[in-house]
There are 2 protein chains.
Amino acid sequence: MENIFTGPTQLPTEGPARKNIEGNTPMEDVDILISNGRILTLDERDRIIQDGSVAIRDGKIVDLGEKETLQLRYHGQREIDAKGGIVMPGLINGHTHAAMTCFRGIADDMELLEWLNRYIFPAEAKNVNPELAYWGSLLACAEMIRSGTTTFCDMYIFEDETAQAAKEAGMRCLVGEVLFDFPSPNAKSPEEALAYTRRLIQKWAGDTLVRIAVEPHALYTCRESLLLDAKALSREYGVPLAIHLLESKGEIQILTEKGIKATQYLDRLGLLGPDFIAFHGVYLDEEDRAVFADRGCKVVHNPESNMKLASGIAPVTAMIRAGIPVGLGTDGCASNNNLDLFQEMDTAAKLGKFALLDPTAMSARTVLRMATCQGADVLGMGNHIGTLRAEMKADLIIIDTEKPHLTPLYHAYSHLVYAANGSDVDTVLIDGRIVMENRKLLTIDDGKVMTEVRRIAERIRGSLGMATS
Amino acid sequence: MENIFTGPTQLPTEGPARKNIEGNTPMEDVDILISNGRILTLDERDRIIQDGSVAIRDGKIVDLGEKETLQLRYHGQREIDAKGGIVMPGLINGHTHAAMTCFRGIADDMELLEWLNRYIFPAEAKNVNPELAYWGSLLACAEMIRSGTTTFCDMYIFEDETAQAAKEAGMRCLVGEVLFDFPSPNAKSPEEALAYTRRLIQKWAGDTLVRIAVEPHALYTCRESLLLDAKALSREYGVPLAIHLLESKGEIQILTEKGIKATQYLDRLGLLGPDFIAFHGVYLDEEDRAVFADRGCKVVHNPESNMKLASGIAPVTAMIRAGIPVGLGTDGCASNNNLDLFQEMDTAAKLGKFALLDPTAMSARTVLRMATCQGADVLGMGNHIGTLRAEMKADLIIIDTEKPHLTPLYHAYSHLVYAANGSDVDTVLIDGRIVMENRKLLTIDDGKVMTEVRRIAERIRGSLGMATS
């Protein structure tokens, strides 16, 4: 499963160390030097450096390798001791509705339509405003950082607030305003929502952390002209186009009644291409997968949401075999109900095995790559995040393995997928900035955020006639 | 959350003083008074006390109710401030192989037979001894307490060591030496293992925390005479009889080749009764369920293990509908790979919905009861644990809800099942004794335990020809 570099004979970098001792190589200054970690690079060869260091400067990884070598080569303005823990790429949450933290657990264990029509839609219609979007998104950022996520891909209403929250939290994101045929609290018409999306694209162009996508909600909520307008906007600015696709049997039924076979329809409209991201894809059949693979489309798998809403099991092993990049997402907090990608990895692996009644399916390695390097590819960010190597952005997390439930440690990948949870993340860096250290958030006042969201939740309770807490 | 040592000077004197003067009601001394918690009783009516207190004396709950009332009635030698968190019964892990923490993640993502024959069986044959059983079990206790489990039901080898570890950790347990036709590291023959079980029963008779069960491994590993001997021993001492049953298709195939229909066979041998506990029951069909319900048999559901080993989905909703008490278990750390019952509850709920493609199936309430009051019934302990009410044992846990991923809080049951994980448990009491406080274990030196298990793991690595860490 893993390549383990153990003995001195396998050290790739003994040479420079000797040179340095001889005095030929002056030490380089870097911003941060992380040491004493088991470095999981998640590169093509799954290289693991058992006792390694990572040197970071200007938001990027400058070098990584054996600790002994790097400590001779680099002087860190700031040194971080990983204390024997795991150092790995930050996790990438491919599908969220961040602000829906405000509706976390408001209604569970219900039929989808009852859940949507009686709780979620009324709660949203009455309560979603810029304030909710901002505080809900900031709470989501707090939760995501605390569970090792460094990048997320979001769809909701008032996404400028979400982008602003992510920026303040120091999180990387790809966000898009939801587009559908009916009005939203932020847009009286699809045209307004498209115009808002255009402004988002223009406002955040060139930002280090925030990228914008064009995000039609789903085929059953967007008429053809809206899909075409969305495509045009996406092409005009060269940004991704993301959509909920083939999530449930109910959706298939609606499309069938309209005479639409989803993938063929999208292909005919010219939407499918390398910038196309489908959330869910539970009912992506063999023919769909062939088209997806051929056009370079991406999928985000959301196993916990798919189970909780009883949507079904996405054929992830078949997608991967067909060559489709597949990322991992939690979906929103009303259908999961947390944003912990560690638990999502665990579920993805186990559900994938169950789906085929094959314990070798969806290995820890496969799932860990979905949440890191593959997930980065899905969001079009594979060239700068998702893998630890020189020149990549310094988005990385340190896992504290000095815990009973992570002892002993035979295989790091196994622990991360099957034994760890988000609370085991100790320190998080995004774009070279330390956003959490020893489990303390440095960019977010989480006490204040929780207070604000509780206040909003009281308003939501009132709006639905629920008893106050 | 902090325990506040309230000396007499810190007593909330005004209220009680007035009450005492007006009503002439002297305050009762109790050992511990827990206050400022949302008390989930898990009683028949799911009573929740929003701002409640629990009074504890001599290991038992004396009273519980509104904080204002109890603070007038009781003086705690020790006061615990739950700080607005959730106070609930400790979780009950119905199926573990505690000492297998030593093999946590040693091999994953493999076919069952390869996994067993190439890794687990050789690793066990070469390494399991009283030392491994003791330290592995103590590590399991540390992990279980840290994730809110207060009682576990165990099957393994050298169970006296497991009982000893649990006793030292202050955990409640039902444990039994595994019985099968072949030798184990602890017994040259089934007769020796039976004799060892008898000694266990005699040694631990009357212990407050430790109870013993008779535990034949499975129908495909125990010949008829061993099953009958196990039954006789179980009846002689009136202790439960527990067995792996109908876990996998492979098992069904072996039994079918022998001409055995499991439930009918067990019934004919006279094993089925209220003391009979079946682990797994994945392939318990309608006829089996009718027999189980009629005889009063119990089942422990292990969804994560069943998914990871691709065994299948147990028909839990149908079992419950048939009237069978069903508990929840994690199984051992080689097939899960942790002992976190919060994650297990989440998976149980989601898998149960998926199984029937019905989001209303396996509600948070159902699952939470499986892990508490129902789980207690399964182990024959329903009259003293699993519910918070007067006269029950003081086995309870406090959840810290002041966290982003548990904010806001609309429904406590929902959070516990769908959003929380074991790391959210702050304080744990078992039999009225505080065994963890502010996440610090008080009965176990977890640093030492981890060191010992790492040492054992090095030996295991060596025995299997794995590279050392």
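1. Helices are DSSP runs of H or I with at least four residues, strands are DSSP runs of E with at least two, and both are numbered from the N terminus. Gly148(A) follows helix α4(A) and has a positive phi, near 90°. The model is predicted: local features need pLDDT of at least 70, side-chain atom pairs count only at pLDDT 80 or more, and totals for chains, interfaces and linings use all residues. Residues are numbered from 1 along each chain as its sequence is written, chains are lettered from A and ligands numbered from 1 in the order in which they are written, and side-chain values use heavy atoms, with hydrogens and water left out.

2. Helix α4 of chain A covers residues 130-146, 17 residues in total. From first C-alpha to last it reaches 24 Å, close to the 24 Å expected at 1.5 Å a residue; the expected span is 1.5 Å times one less than the number of residues. Of the 17 residues in α4(A), 15 are buried (under 20% relative accessible area; exposed is over 50%, partly exposed in between; 1.4 Å probe, protein chains only). Asn129(A) caps the N-terminal end of α4(A), with a side-chain oxygen 3.1 Å from the backbone nitrogen of Glu131(A).

3. How are the chains related? Chain B can be laid on chain A by a turn of 180° and a shift of 0.0 Å along the axis, with an RMSD of 0.0 Å. The two copies are thus related as by a two-fold rotation axis. In chain B, the C-alpha nearest the axis belongs to Ser423(B), 3.3 Å from it. The superposition is by least squares on the C-alpha atoms of residues with pLDDT of at least 70 in both copies.

4. Now the cavities. A cavity is a set of points, on a 1 Å grid over the protein atoms alone, where a 1.4 Å probe fits but cannot get out; lining residues have an atom within 4 Å of a point. Grid points are joined across faces, edges and corners, and a volume is the space filled by probe spheres set on the points. There are five cavities of 30 Å³ or more.

5. The largest cavity has a volume of about 110 Å³. Its lining has 13 residues, and those nearest its centre are Glu143(A), Ser147(A), Asp340(A), Ser423(A) and His405(B). By class, the lining has two nonpolar, seven polar and four charged residues. Here Ala, Val, Leu, Ile, Met, Phe, Trp, Tyr, Cys and Pro count as nonpolar, Asp, Glu, Lys and Arg as charged, and the others, Gly among them, as polar.

6. The second largest cavity has a volume of about 50 Å³. Its lining includes Pro359(A), Trp115(B) and Lys308(B). The classes are six nonpolar, no polar and three charged.

7. Check the backbone too. Most residues other than glycine have a negative phi, and most peptide bonds are trans. Asp46(A) is not a glycine, yet has a positive phi of about 55°. Asp46(A) sits in the loop between β2 (28-40) and β3 (47-57) of chain A, and is buried at 4% relative accessible area. Asp46(B) also has a positive phi of about 55°. Asp46(B) counts as buried, at 17% relative accessibility.

8. Chain B has cis peptide bonds to inspect. One runs from Asn336(B) to Asn337(B), with omega near 15°. Asn337(B) lies in the loop between β15 (326-328) and α13 (341-356). Another joins Thr407(B) and Pro408(B), with omega about -10°. Pro408(B) is in the loop between β16 (396-399) and α16 (412-419).

Technical notes. On a 1 Å grid over the protein atoms alone, a cavity is a set of points where a 1.4 Å probe fits but cannot get out, and a pocket is an open set with protein on both sides within 12 Å along at least five of seven lines; lining residues have an atom within 4 Å of a point. A polar contact is a pair of N or O atoms within 3.5 Å; within protein, one must be able to donate a hydrogen and the other to accept it, and residues adjacent in sequence count only if both atoms are side-chain atoms.
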